[in-house]
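Reader: Hey, I've got a model open and would like to talk it through. Can you walk me around the fold and the charged pairs?

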Amino acid sequence: MKKVLMRVAMVGLLGLVLAPPHATHAEVDDDGDHDRARDLYEHGEIESLSKIMSVVHAQVPGDIVAVDFIRIDDTWVYRFQVVASDGRRRIVDVDAGAGAVMHGKHGD
């Protein structure tokens, strides 16, 4: 059941990032994150969300429960909230351009 839910969540997130502009209306996305991420992906400036989620799953065990797309300094960052099997919540920042988990000040 957990794997099915993760697949549904991944497909949903990917759909939001790659959806046509008319599908991500302001009522759904007031700050334009999905449109911005899609445009950056289409121009080759960031990695795909599915690739980045694979990196997070490989390095941080647990369930992804939330994803934000933010700018830190000059870097586009996917910020994941991951809940481990023991119930602990971790924040994991991934450099969207490099597709790598960030460590230190703004990372895990």
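Author: We'll start with the sheet, move on to the helices, and finish with the salt bridges.

Author: Keep in mind that this is a predicted model, where local features need pLDDT of at least 70, side-chain atom pairs count only at pLDDT 80 or more, and totals for chains, interfaces and linings use all residues. Residues are numbered from 1 along each chain as its sequence is written, and side-chain values use heavy atoms, with hydrogens and water left out.

Reader: Fine. What's the strand order in the sheet?

Author: The order is β1-β2-β3-β4, in an open sheet of four strands with antiparallel pairing. Strands (E, at least two residues) and helices (H or I, at least four) are DSSP runs numbered from the N terminus, and two strands pair if DSSP finds at least two bridges between them.

Reader: Which strands stand at the edges?

Author: β1 (63–72) and β4 (100–101) do; each has a single partner strand, so one side of each is left without a neighbour in the sheet.

Reader: And how many bridges hold β3 to β4?

Author: Two bridges, in the antiparallel sense, with β3 covering residues 89–95. Val 94 has Val 101 in β4 as its bridge partner.

Reader: Now the helices. Which strands does α3 touch?

Author: Helix α3 (residues 49–59) packs on the sheet and touches β1, β2, β3 and β4, where contact means heavy atoms within 4.5 Å. Its direction makes about 50 degrees with that of β2. Axes here are lines fitted to C-alpha atoms, for helices over the stretch in contact, and angles run from 0 to 180 degrees between N-to-C directions.

Reader: Which residues of α3 are buried?

Author: Leu 49, Ile 52, Met 53, Val 55 and Val 56. Buried means under 20% relative accessible area, exposed means over 50%, and partly exposed is in between (1.4 Å probe, protein chains only). Seen down the axis of α3, the buried residues fall within an arc of 155 degrees, so they line one face of the helix. That arc is taken from the directions from the helix axis to the C-beta atoms.

Reader: Where does α2 lie?

Author: Helix α2 (residues 33–42) lies across β1 and β2 (75–83), running at about 75 degrees to β1. Asp 33 is found in α2 and counts as buried at 14% relative accessibility. Asp 33 and Asp 68 are 35 residues apart in sequence and 8.0 Å apart in space, C-alpha to C-alpha.

Reader: OK, charges. How many salt bridges are there?

Author: Six, with a salt bridge being a side-chain nitrogen of Lys or Arg within 4 Å of a carboxyl oxygen of Asp or Glu. One of them joins Asp 35 to Arg 38, the closest N and O atoms being 3.2 Å apart. Those two are three residues apart in α2, so about one helical turn separates them.

Reader: Is Arg 38 buried or exposed?

Author: Arg 38 is buried, at 5%, while Asp 35 is partly exposed at 23%. Asp 35, Arg 38, Asp 39 and Glu 42 are linked in a network of salt bridges.

Reader: What does Arg 79 pair with?

Author: Asp 93, with the closest N and O atoms 2.7 Å apart. Arg 79 is in β2 and Asp 93 in β3, so the pair ties together parts that are 14 residues apart in sequence. Asp 93 is buried at 2%, and Arg 79 is partly exposed at 27%.
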